[in-house]
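This report describes a protein model, and the sequence and coordinates come before the discussion.

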Number of protein chains: 2
Amino acid sequence: MESPGTLDAHRLDGEQPSQADIDLYRVLSADISAGVAVVSTSLRKRDYAATVTAFLSVSDDPPTMLVSLYAGSRIGEAVAATGTWALSLLRSRHQGAADWLASPGTPVEGLLARVPYRRGPATGSVILDGSIAYFELRTVAIHPAATHLLVVGEVVALGGDAPGSEVPDPLIHFASAYHRLAL
Amino acid sequence: MESPGTLDAHRLDGEQPSQADIDLYRVLSADISAGVAVVSTSLRKRDYAATVTAFLSVSDDPPTMLVSLYAGSRIGEAVAATGTWALSLLRSRHQGAADWLASPGTPVEGLLARVPYRRGPATGSVILDGSIAYFELRTVAIHPAATHLLVVGEVVALGGDAPGSEVPDPLIHFASAYHRLAL
């Protein structure tokens, strides 16, 4: 039912958002909780991998997922160029790898020197060892949106824990920090 | 570093996914952790609202978000028709409202009879009382993807907790159930 009183609101009125608009959006949108994944691809025998929270399952039939990548990033350019990629769903014990692959200054050479992985059978993309689940995808559409690319892919292979194995204990991002579930 | 051995994998080889492909995808994609929100819109003096986990922040500049909605759903049709909508980020104490607004058989009349809300100042869309944050949006693109619509919107108003107020305690969806963070 409708409550009395009015909502505390900040409006974006101008043609261009102000710095205050952007700063407030950054603070409030950081309160979107999200699982953490690594998106990866391989291009000309080089591996690309980056931590992401902006991904989701779009559809079950056919199995379809989406990842939002900064258009000017190495990973965004590489995924757009290859047309095949993978998502590894991380556990809380992957926090070190998540931190590493989220840092802006990761090297092109030796990126995965300390990150244990295997290769996905369908795309050759890197899949982090011990992921809760992984998905390999073939891009079916790329939609530019503001500064980002919305990359939509159909699942071509997938795998994960056998039911009843290790407690999943997913890594969660919320309010600019990593968290665990109260399981 | 690359680990020895091969990855346990299930490939989707056919033109059409099999029922086994879809079932496995449902199980594994349920392991994507996500915050929980209510998406809402108002069309011809009627309010539409539904629980979603498939939403994300696309860009800070301009502030841009995305929600993925089943194309044949009431909420999908309503959001596509109005061009304005809102997202309310839920706390764990909103679990009852989240359950209610996620059920397939919600009534058109009386949908919000037991859900306390106010209206967003920019769009008139329903915002659940006590949300961690809320965002009102104007649609800038709709991309069909498999069974769903990817609705991209620019933020036109937003609000949320003052810093230092109530501990946020977000509602999280993981493995087909609701959870809380270990805070």
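How many bridges join strand S6 of chain B to S11(B), and in which sense do the two run? In this predicted model, strand S6 (residues 63-70) of chain B is joined to S11(B) by 7 bridges, and the two strands run antiparallel. Within this pairing, Tyr70(B) stands opposite His148(B) of S11(B).

**Strand S11 of chain B and its partners**

S11(B) also pairs with S10(B), to which it is joined by 12 bridges, again with the strands running antiparallel; here Glu136(B) is the residue that stands opposite Ala157(B) in S11(B). The hairpin formed by S10(B) and S11(B) has 2 residues between the strands, and Ala146(B) takes a positive phi near 50 degrees in it.

| Partner of S11(B) | Bridges and sense | Residues standing opposite |
|---|---|---|
| S6 (residues 63-70) of chain B | 7 bridges, antiparallel | Tyr70(B) and His148(B) |
| S10(B) | 12 bridges, antiparallel | Glu136(B) and Ala157(B) |

**Relation of the two chains**

**Aromatic pairs between the chains**

Over all chains, the count comes to 2 aromatic pairs. In one of them, Tyr25(A) and Phe135(B) are arranged edge-to-face, at 5.8 Å centre to centre and with 70 degrees between the planes. This pair crosses between chains, running from helix H1 (residues 19-29) of chain A, which holds Tyr25(A), to strand S10 (residues 133-145) of chain B, which holds Phe135(B), and both residues are buried. For Phe135(A) and Tyr25(B), the ring centres lie 5.8 Å apart and the planes stand at 70 degrees, so this pair is edge-to-face. It likewise crosses between chains, from Phe135(A) in strand S10 (residues 133-145) of chain A to Tyr25(B) in helix H1 (residues 19-29) of chain B, and both Phe135(A) and Tyr25(B) are buried.

**Helix H1 of chain B**

Tyr25(B) belongs to a set of buried residues in H1(B) that also includes Asp21(B), Ile22(B), Leu28(B) and Ser29(B). Seen down the helix axis, the buried residues of H1(B) fall within an arc of 135 degrees, so they line one face of the helix. They pack against S5 (55-60), S6 (63-70), S7 (84-89), S10 and S11 (148-160) of chain A, together with S1 (10-11) of chain B.

In chain A, Thr51(A) has its place in strand S4 (residues 46-52). Is this residue buried or exposed? Thr51(A) counts as buried because its relative accessibility is 17%, which falls under the 20% cut-off. Its side chain reaches the backbone oxygen of Ala98(A) at 2.8 Å. Leaving aside residues up to four places away in sequence, Thr51(A) touches Val36(A), Ala37(A), Val38(A), Ala97(A), Ala98(A), Leu101(A), Ala102(A) and Tyr178(A).

How values were computed
Residues numbered from 1 in each chain as written. Chains lettered and ligands numbered in written order. Predicted model: local features only at pLDDT ≥ 70, side-chain atom pairs only at ≥ 80, totals over all residues. Heavy atoms only, no water. Helix = DSSP H or I, 4+ residues; strand = E, 2+ residues; numbered from the N terminus. Buried < 20%, exposed > 50% of the residue type's maximum accessible area, 1.4 Å probe, protein only. Polar contact = N/O pair within 3.5 Å; in protein donor to acceptor, adjacent residues only side chain to side chain. Contact = heavy atoms within 4.5 Å. Phe/Tyr/Trp six-rings, centres within 6.5 Å; stacked < 30°, edge-to-face > 60°. Arc of directions from axis to C-beta. Pairing = 2+ DSSP bridges.
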